[in-house]
Amino acid sequence: MADFLSQYSIQRWLEMCPQGYLEDTVYGHEEGLAEPDDIMGDEDLRVASIALTVQLIAGERCALAASSGLVNAAPDDASKTFLATQTLDEARHVEIFTKRLVDLGVRKEDVNSTVDELANPNLVKFAEVLLEKVADGDFIAGVVGQNIVLEGMAFSVFELLEATSKDLNPKFAQTLSGTIADERRHVGFGENRIGSLIREHPERREDIERMQSEMTYHMLATFADVFSASGDSMDRGRQLAADHGELDGADMKWHGTDLATASTEDMEAVLANTVLGEFKTRLGRIGLEYRSPKVPA
Amino acid sequence: MRPRPDRDAEPHLLAEEDFLREVHSFDFWFEAVSGYLEEQPFGHDPDLVETPMDDVARDSLITTLCNYCVGETAALEASSGLVRLAPNHHSRVFLATQVVDEARHLEVFMRRLEDLGVEDPEAEIDRRANQGLEDFRSRLLELVDRGDWDAAVFAQNVLLESMEDTVFRFHEQSADEITRQVLVGVVADERRHLGFGENDLGRRLAHDPSGRRRLAEVRAELDPLVLGSFEGVYRDLGIARQDQPELGRHYLDAVERLGLTA
Amino acid sequence: MNETTLDTAESSIVTSSADAAPRRTFELDDTGFKEVPKRWRKFYRHWQGAGDELAPNEVICPVCKVVIRSHREFRPGDRVYCMPCMSRLVVVERPDGRLEADVLY
């Protein structure tokens with residue numbers, strides 16, 4: 001265990017992130033990049049982008065609260081150290097997505113009220129389930145909820161968003177790319193650290209699988225809400241991009257689906273299937289069984 | 001989009017809001033630490049060789065570093081707990097940077113213990129921990145657990161950080177070169193922490209002076225635990241009383257500025 | 001650090017001084033202080049302790065003991081920022097004529 005954890009040292013983190021893929025970036029992207037005119041010049045698209053960014057902020061705020069809260073509950077110094085780096089990663093994510101909200105025209109003093117108003121209620125419940133475990137000092141459940149379920153979801157969501165933004169919004173895509181690089185470490189730690197703890201504490205499986213099922217329910221409900229509300233703006237964005245020739249030659253394939261032409265239902269399906277597939281694989285590797293939510297969302 | 005400050009601008013010309021945005025941001029933190037940690041893996045020049053040290057000096061240094069680790073662990077656990085209590089976004093981001101700073105301090109001190117021949121640093125820290133410092137750690141975490149932001153920030157970022165700052169600077173002057181370089185990097189971080197603590201509390205107390213009396217009580221309870229512990233560090237370093245810097249002076253200056261002397 | 005003539009283009013920088021005499025301006029060199037991002041480094045330096053005489057464009061931060069510098073000669077009432085410890089300060093004149101900085105909360 002000690003050898004595996006040594007790769008998550010602060011030293012290594014410094015070399016990988018501030019001195020690595022984040023070097024020469026400003027708020028996660030090249031200096032000088034801006035939100036595209038297609039978004040800033042179209043009120044519907046700008047409002048839709050704000051709503052989407054709010055969900056990212058809500059998720060990252062939850063991750064920040066959870067990872068910082070888990071430092072105290074960690075049973076060893078190496079895990080505390082890793083979670084300290086994760087805390088800062090999550091704070092950075094909150095910062096860069098909050099910055100995007102301001103770039104999209106939300107006044108700084110209105111950021112919190114905008115997040116409160118637009119955060120999806122199901123995403124808020126998803127966070128509450130996790131933060132209850134963290135507040136109880138439950139390290140195993142907290143890490144599964146945070147580093148497998150939450151991070152697993154975020155990883156796929158960010159990948160999908162990056163695939164749709166790469167050609168149309170390089171600023172947002174670069175921001176997401178750095179975030180994905182961080183999430184890779186987080187899911188890796190979750191799997192590697194928790195696997196041995198689950199083996200040592202098989203009696204915890206039932207409770208943790210129940211938590212996973214509850215979080216999955218709220219996650220799928222969030223996806224359903226977000227995608228069903230975004231059909232018009234997605235069509236509008238595609239139309240504008242096509243009018244400006246931005247889709248010519250654009251590579252927007254993700255897990256076999258062409259995101260440039262897929263319907264919102266198709267996009268929701270590919271995202272949900274990808275996330276659930278990842279959950280099953282990752283949970284299986286650490287000795288937990290994926291549990292479907294009680295009510296199909 | 002709000003423009004970043006001009007590259008040649010005088011910092012003192014920034015609007016207060018822009019100054020706080022700048023210094024509490026992740027970008028500021030990582031550009032700052034890159035400046036003094038780059039090419040210093042684990043806090044020191046990797047080509048340095050160990051200064052010869054007799055057994056007594058080595059043993060004293062190990063005890064000292066073990067107690068530094070107790071202080072840093074307390075700071076790591078407390079600062080991570082404070083993230084959720086932070087009253088605004090900038091404080092939250094700042095505390096997240098402090099969490100990783102504290103974890104780095106713990107890491108570099110533990111690595112130094114390994115360099116000095118300690119096989120199991122965690123066990124050695126448990127064996128050599130000063131009881132007063134352990135009591136302080138428990139008390140600090142109680143303040144965090146009950147969500148008392150003002151008291152916890154005072155205990156951690158003013159009291160503990162001021163003491164560490166004084167002791168580490170003093171230790172730098174007599175330390176072997178590897179330990180000295182490690183301490184220099186840690187002190188550079190502490191500057192941010194104690195500045196954040198004093199300024200945050202100062203602003204809050206300026207708005208609500210009634211908080212002073214309560215913090216003065218917290219101070220009266222915690223002072224002896226920390227002062228006594230760090231006096232023990234001086235003893236471990238073999239420093240005669242007349243040669244010791246006045247441990248509390250820097251801290252008492254801060255307490256006076258905050259009006260907590262009553 | 002090189003003393004230069006007053007740069008009138010910058011004369012509006014400090015407005016709070018009661019003294020109308022022209023201020024001297026200074027070019028700032030990087031002194032090796034690395035605890036803030038590169039673009040701010042020349043505005044700070046390590047204090048060398050007793051015997052380290054401060055220039056007219058320098059004051060010590062009482063919180064973290066770093067020397068804060070400016071392109072301009074300081075006058076009482078000037079606002080300065082200590083970025084290494086994130087403090088906001090105001091320059092004050094002590095009875096003996098020394099300029100120091102007080103923290104503004």
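## Strand S7 of chain C

Strand S7 (residues 87–93) of chain C has 6 of its 7 residues buried, so the strand is largely enclosed by the rest of the structure. Buried here means under 20% relative accessible area, exposed means over 50%, and partly exposed lies in between, with a 1.4 Å probe and protein chains only. Strands (E, at least two residues) and helices (H or I, at least four) are DSSP runs numbered from the N terminus. The model is a predicted one: local features need pLDDT of at least 70, side-chain atom pairs count only at pLDDT 80 or more, and totals for chains, interfaces and linings use all residues. Residues are numbered from 1 along each chain as its sequence is written, chains are lettered from A and ligands numbered from 1 in the order in which they are written, and side-chain values use heavy atoms, with hydrogens and water left out.

S7(C) has pairing partners in S6(C) and S8(C); two strands pair if DSSP finds at least two bridges between them. With strand S6 (residues 79–82) of chain C, the pairing is antiparallel over 4 bridges, and C:Arg79 has C:Val90 as its bridge partner in S7(C). A hairpin with 4 residues between the strands is formed by S6(C) and S7(C), and C:Met86 in its turn has a positive phi of about 70°.

With strand S8 (residues 99–103) of chain C, S7(C) pairs in the antiparallel sense over 5 bridges. C:Val90 stands opposite C:Asp102 in S8(C). The hairpin of S7(C) and S8(C) has 5 residues between the strands, and C:Gly97 takes a positive phi near 95°.

## Strand S5 of chain C

In strand S5 (residues 66–69) of chain C, C:Val66 and C:Ile68 point one way and C:Val67 and C:Arg69 the other way; all are buried. Strand S3 (residues 44–46) of chain C runs antiparallel to S5(C), joined to it by 3 bridges. Within S5(C), C:Ile68 stands opposite C:Tyr44.

Strand S4 (residues 58–60) of chain C is likewise antiparallel to S5(C), with 3 bridges. C:Glu58 stands opposite C:Arg69 in S5(C). S4(C) and S5(C) form a hairpin with 5 residues between them, in whose turn C:Lys65 has a positive phi of about 65°.

## Chain A

Chain A contains 12 helices and 2 strands, in the order α-α-α-α-α-α-α-α-α-α-α-β-β-α from the N terminus. Its radius of gyration is 19 Å, close to the 19 Å that the globule rule gives for 297 residues, so chain A is as compact as a globular protein of that length. The radius is taken over C-alpha atoms, and the rule is 2.2 Å times the number of residues to the power 0.38. Along its principal axes, the C-alpha trace spans about 60 × 45 × 40 Å. Of the 297 residues, 62% count as buried. The accessible surface of chain A is about 11,700 Å², of which 49% belongs to carbon and sulfur atoms; such areas come from the Shrake-Rupley method with a 1.4 Å probe, and for residues only the protein chains shown count as cover.

A:Leu123 lies in helix H7 (residues 121–135) of chain A and is buried, with a relative accessible area of 8%. Not counting residues up to four places away in sequence, A:Leu123 touches A:Gln55, A:Ala58, A:Gly59, A:Met153 and A:Thr222; a contact means heavy atoms within 4.5 Å. A:Met40 is 83 residues from A:Leu123 along the chain, and their C-alpha atoms are separated by 27 Å. Among contacts in chain A between residues at least 6 apart in sequence, 84% join residues at least 24 apart.

## Chain B

Chain B has 10 helices and 0 strands. For its 262 residues, a compact globule would have a radius of gyration near 18 Å, and the 19 Å of chain B agrees with this. The C-alpha atoms fill a box of roughly 55 × 45 × 35 Å along the principal axes, and 62% of the 262 residues count as buried.

Chain B carries 29 positive and 55 negative side chains, the centres of the two sets lying 5 Å apart. Lys and Arg count as positive and Asp and Glu as negative, while His and the chain ends are not counted; each charge is placed at NZ of Lys, CZ of Arg, CG of Asp or CD of Glu.

## Contacts between chains

Of the 2 pairs of chains that touch, chains B and C have the most contacts. No contact joins chain A and chain C, whose closest C-alpha atoms lie 12 Å apart.
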